[in-house]
Amino acid sequence: MSANIATSVEKIAGKYNKNRNQLMDIVHDVQAELGYISEQALQAIAGELGIHRVEVQDMVSFYHLLSRRPQGKTVVRLCNAVVEKMHGMEDVAAAFEKAVGVSFGSVSADGSISLEYTSCIGMSDQAPAALVNSTVVPSLKKEDVPGLVESIRRGDYAKRAAETPQHAQVESNLIKRGEVVFAPMELGAAIRVAINKTPEEVINEINISRLRGRGGAGFPTAMKWDFCRKAEGDAHYVICNADEGEPGTFKDRVILTEAPDLLFEGMTIAGYAIGAKSGLIYLRGEYEYLYGYLQQVLYRRRHRDLLGENICGREGFDFDIRIQLGAGAYVCGEESSLIESLEGKRGAPRDRPPFPVTSGYLNQPTSVNNVETLCCAARILEKGGEWFAKLGTRDSTGTKLLSISGDCRHPGVYEVEYGLTVDDLLSMVGEEDAQAVQVGGPSGICIAPKGYGRRISFEDLPTGGSIIVFGRQRDLLQIVKEFTEFFVEESCGWCAPCRVGTTLLLKYLDKILQGRGAREDLVKLKELGNTITVMSRCGLGQTAANPVLTTLKNFASLYRARIKDTDAIPLFSFDKAIAISSEITGRQSTVEVE
Ligand code: SF4
């Protein structure tokens, strides 16, 4: 093993006290220093932590932002999500290939630049966008690319990026501020109210507000905190899920930029309520550009007695927050996968029960809450549960942050009261003639104009916050196919219904889009979609067929227009396969086909 690699790894592992649970941090740092995780680096990490190399390999191979292959000195990751393609991403990609001289998936001959595609990086409001190492380049135009590549090659880009705070460069596009998350706040006000109550009274205040988790599932927050508080363990943990990976979602990015204090205030109050001394915020790898900024906010809070020991003078109330950077895996948005990832493992979902509230991080009682939920909790303590419960609808109290993108004049983040109709939403964002609205991202619901009277709420149209508007000019079935490709790519592969089922869905969609679909294929698509939904082990698989199922239901005529008027056409064509093989090999088949 090269002495350089061994020395670097030893130093990095030492920085984290050789803590196996911080394998993610160690691997991030090794990759930053050595460029990629070579076999030698992998063995050195395993040796330092006293674990098998397979554990390190297993973890590294799982995440999109970690690499086992040599990369260019600068890695350009261009987002190829649906919204990016709608806004000219393919032209930008062609411009990159021309300027760098290689195709995506390759490294330039001089080793200076790698080109890679990546799924949604949380910039759909300023698409197309790319990550240049960890720096975000939003609103790219093909004309910008030659200059950008030149500046990367000269080294100016990295220098400029290091000098300018990135959070200030990315537009927040915060278009509508509501009364809860984006209202002005007084530092520490909510914490001071909380510590003058007992933890039980704090949970009761949340209960009065009827706050439900903002990630989409809508579990009552007070109930989660109560379960967690009552669960026995050596330690309790608060985890903030800042891994918004649903394509089209970017509202957490805006909270983290515009209202990080309210979030940290919410985490601190959660800590007080459940009896935790430690909080962890799992920041998606794509938002690494916010890491330093958030550390500064935490630093400032420690100096103002809002974190650390005896917070706000309350004897014995100790709480602090650590930021854990993720490494790119959509499934880590699922809370048990996120916990696995926080423990430095691949982010595969756990079997439940036990639920995290009794056995979560390090098998201790853990409350995992969404960024927005924690902000709401802080505001509830400041202004009261009854005040909050008056906003929104009966079953969906308060406000909801919507990240709106796609075919509309004013993409951005809107804080609205629950109960808003899709019609009102479309007027608000400047699109009066949408063909479809995707509520909740690819895992949500695709609704047609006849459903525009429906309301954003848990009782009607629940959403984690992603809203994508599709104009009349879009080929909706092509979009369904791309959403399905996303799920094929992001499936962790653990269970067959999701791993195999999503691939089969894709084959049927391909067949239909190529004009070889028949009536039977629509029946099979529906059956397969329902099987994947029912049989999959976690939320990813349980929602992966939604693009197909909801468009089959709401846009049946689009499918019917693409199929042939016949009962069945085989999915596999022997003749076609032979013809393709003959073309590739340059040989003629000797098989006689009757
Ligand atoms: Fe993994 Fe998909 Fe199964 Fe979830 S449903 S465990 S993501 S294979």
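The largest cavity holds about 100 Å³ of space. Pro-349, Cys-492, Cys-495, Cys-498 and Cys-538 are the closest to its centre, out of 14 lining residues. The model is a predicted one. Five cavities of 30 Å³ or more occur in the structure.

**Largest cavity**

- Two helices, H20 (496-513) and H22 (539-544), each supply at least two residues of the lining of the largest cavity.
- Eight residues of this lining are nonpolar, four are polar and two are charged.

**Second largest cavity**

- The second largest cavity contains about 80 Å³ of space.
- Its lining includes the charged residues Asp-243, Arg-284, Glu-286 and Glu-490.
- Also in the lining are His-64, Ser-119, Gly-245 and Gly-328.
- Cys-120, Ala-329, Tyr-330 and Phe-486 complete the lining.

**Second largest pocket**

- The volume of the second largest pocket is about 700 Å³.
- Its lining has 34 residues, and the closest to the centre are Asn-80, Tyr-117, Thr-118, Ser-119 and Glu-489.
- Helix H5 (82-86), strand E3 (113-118) and helix H19 (476-490) are the elements that give two or more residues to this lining.
- H19 gives the most, with six residues.
- The lining of the pocket has 14 nonpolar, 10 polar and 10 charged residues.
- Ser-119 is among the residues closest to the pocket centre, and Ser-119 also lines the second largest cavity.
- H19 spans residues 476-490, and Phe-486 and Glu-490 line the second largest cavity.

**Packing of H3 and H4**

- Helix H3 covers residues 39-49 and helix H4 covers residues 53-60.
- Their axes lie 8 Å apart, at an angle of about 120 degrees.
- H3 and H4 are therefore oblique to each other, as the angle falls between the 115 degree limit for roughly perpendicular and the 145 degree limit for roughly antiparallel.
- The crossing of H3 past H4 is right-handed.
- On the H3 side, Glu-39, Leu-42, Gln-43, Ile-45 and Ala-46 make the contact.
- On the H4 side, Arg-53, Val-56 and Gln-57 take part.
- Four of the contact residues are nonpolar, two are polar and two are charged.

Definitions and conventions:
Residues numbered from 1 in each chain as written. Predicted model: local features only at pLDDT ≥ 70, side-chain atom pairs only at ≥ 80, totals over all residues. Heavy atoms only, no water. 1 Å grid on protein atoms, 1.4 Å probe; cavity = no way out; pocket = protein on both sides within 12 Å on 5 of 7 lines; lining within 4 Å. Points joined across faces, edges and corners; volume = space filled by probe spheres on them. Helix = DSSP H or I, 4+ residues; strand = E, 2+ residues; numbered from the N terminus. Axes fitted to C-alpha atoms, helices over the stretch in contact; angles between N-to-C directions. Parallel < 35°, antiparallel > 145°, perpendicular 65-115°, else oblique. Left-handed = near helix turned anticlockwise from the far one by under 90°. Contact = heavy atoms within 4.5 Å.
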